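Reader: Please take me through one part of this model in detail. I would like the salt bridges first, and then the surroundings of the ligand.

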Amino acid sequence: MAQKAALIVFAHQSPASFNAALRDAAVQELSGQGFRVTVSDLYAMNFRASATQDDIIGDLKNPDHFQYGDETMRAWTEGRLSDDITAEQRKLEEAQLIIFQFPLYWFSVPAVLKGWFDRVLTQGFAFSLQKIYSKGVFKDKKALLSFTTGAPESMFQPDGIDGDINVTLWPLQNGILNFCGFQVLAPQIFWDPVHCPAAVRAQMLEGWRARLGGLLMEKPLTFAPCELFDLSFQGGFRLRPEVKEEQEAQPFGLSTGHHLGKPLPPGDQTRAPSAGGNRK
Ligand SMILES: Cc1cc2nc3c(=O)[nH]c(=O)nc-3n(C[C@H](O)[C@H](O)[C@H](O)COP(=O)(O)OP(=O)(O)OC[C@H]3O[C@@H](n4cnc5c(N)ncnc54)[C@H](O)[C@@H]3O)c2cc1C
């Protein structure tokens, strides 16, 4: 049987950071389980964040009006994407498990990781008009956001000053990972490692190591599958009328994004259904 492969996309500047310790723990645990682990250390690689015409080798289709999506799709088809993008695409293709390890920046990922998403997940390679969401390209791969925050958990509650963390996670987990078809595992959140006592950080590391042991057995988060939507331009890619009708009787929205004007399903973006977080 082929060796399992994992990719850790790492976005922190310092090898002395808590994020680096979390990355190292993952490399160690997954290697111990027989994974071949590759790390893309984005700052160390000087990975470029901006999506520009330098990402394309050779002539542009329309140099007068550069359209990144069109040009990269064409370049991907013809094998003319820049070497750094192609290298990351190869690593992603080979991995069954992808962990994104980063500190939360402005409720999102650091720019260098956003650049990785912008530049590596090109049309054709990571999605097409026919291959999105539950029909997505990477439906056999698992992906997980593992991140640290500066805020304590209380601030990211529905009544906390930062608002519900489930809302914060929706664009990343639905708009990027689920959009490309990944099975999204529950995020691993390390709340405020900067201000907590050393003993708590040690527990966080231990908890992470323990979770890594059973990661591939975990159920992913649930997202609304394509079948629930009218996937036509006339239908506007909206929920089918019979699904909407069915949902009327439900106490919660279908998902954080498809809330249908109702309370958000608790833990929708933070807990897999088996952990008792979701509706149904
Ligand atoms: C531009 C920007 C935007 C931000 N936006 C947000 C935001 O929107 N929301 C939010 O909540 N936060 C935000 N933050 C804060 C940021 O998320 C935190 O500063 C970051 O997550 C902390 O993680 P770190 O790895 O950098 O911590 P570090 O400071 O590297 O580490 C924390 C502590 O862990 C120690 N440590 C290192 N290795 C180990 C080890 N092996 N074992 C035990 N301890 C160890 C370190 O010495 C340090 O004392 C932002 C920060 C910046 C710079």
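Author: This is a predicted model. Start with aspartate 84. Its relative accessible area is 29%, so aspartate 84 counts as partly exposed. The side chain of aspartate 84 meets that of arginine 119 in a salt bridge, at 2.9 Å from N to O. Aspartate 84 sits in helix 3 (residues 83-94) and arginine 119 in helix 4. The pair therefore ties together parts that are 35 residues apart in sequence.

Now turn to arginine 119 itself. Arginine 119 has 0% relative accessibility and counts as buried. Arginine 119 also forms a salt bridge with aspartate 55. Here the closest N and O atoms are 2.9 Å apart. Aspartate 55 belongs to the loop between strand 2 (36-41) and helix 2 (68-77), while arginine 119 belongs to helix 4 (residues 111-120), so this pair links parts 64 residues apart in sequence. Aspartate 55 is buried too, at 0% relative accessibility.

Another salt bridge lies within one helix. The side chains of arginine 209 and glutamate 206 meet at 3.9 Å, N to O. Both residues are in helix 6 (residues 198-213). They are three residues apart, which means a separation of about one helical turn. Arginine 209 is partly exposed, with a relative accessible area of 22%. Elsewhere, salt bridges that share partners join Arg48, Asp55, Asp84 and Arg119 into one network. In the whole structure, a search finds 16 salt bridges.

The side chain of asparagine 19 has an N or O atom 2.8 Å from an oxygen atom of the ligand. Backbone atoms take part as well. A polar backbone atom of glycine 150 is 3.0 Å from a ligand oxygen. For threonine 149, a polar backbone atom is 3.5 Å from an oxygen atom of the ligand. Taken alone, the ligand exposes 1,000 Å², and the protein buries 64% of that.

Technical notes:
Residues are numbered from 1 along each chain as its sequence is written. This is a predicted model: local features need pLDDT of at least 70, side-chain atom pairs count only at pLDDT 80 or more; totals for chains, interfaces and linings use all residues. Side-chain values use heavy atoms; hydrogens and water are left out. A salt bridge is a side-chain nitrogen of Lys or Arg within 4 Å of a carboxyl oxygen of Asp or Glu. Helices (H or I, at least four residues) and strands (E, at least two) are DSSP runs, numbered from the N terminus. Buried means under 20% relative accessible area, exposed over 50%, partly exposed in between (1.4 Å probe, protein chains only). A polar contact is a pair of N or O atoms within 3.5 Å; within protein, one must be able to donate a hydrogen and the other to accept it, and residues adjacent in sequence count only if both atoms are side-chain atoms. Accessible areas come from the Shrake-Rupley method with a 1.4 Å probe; for residues, only the protein chains shown count as cover.
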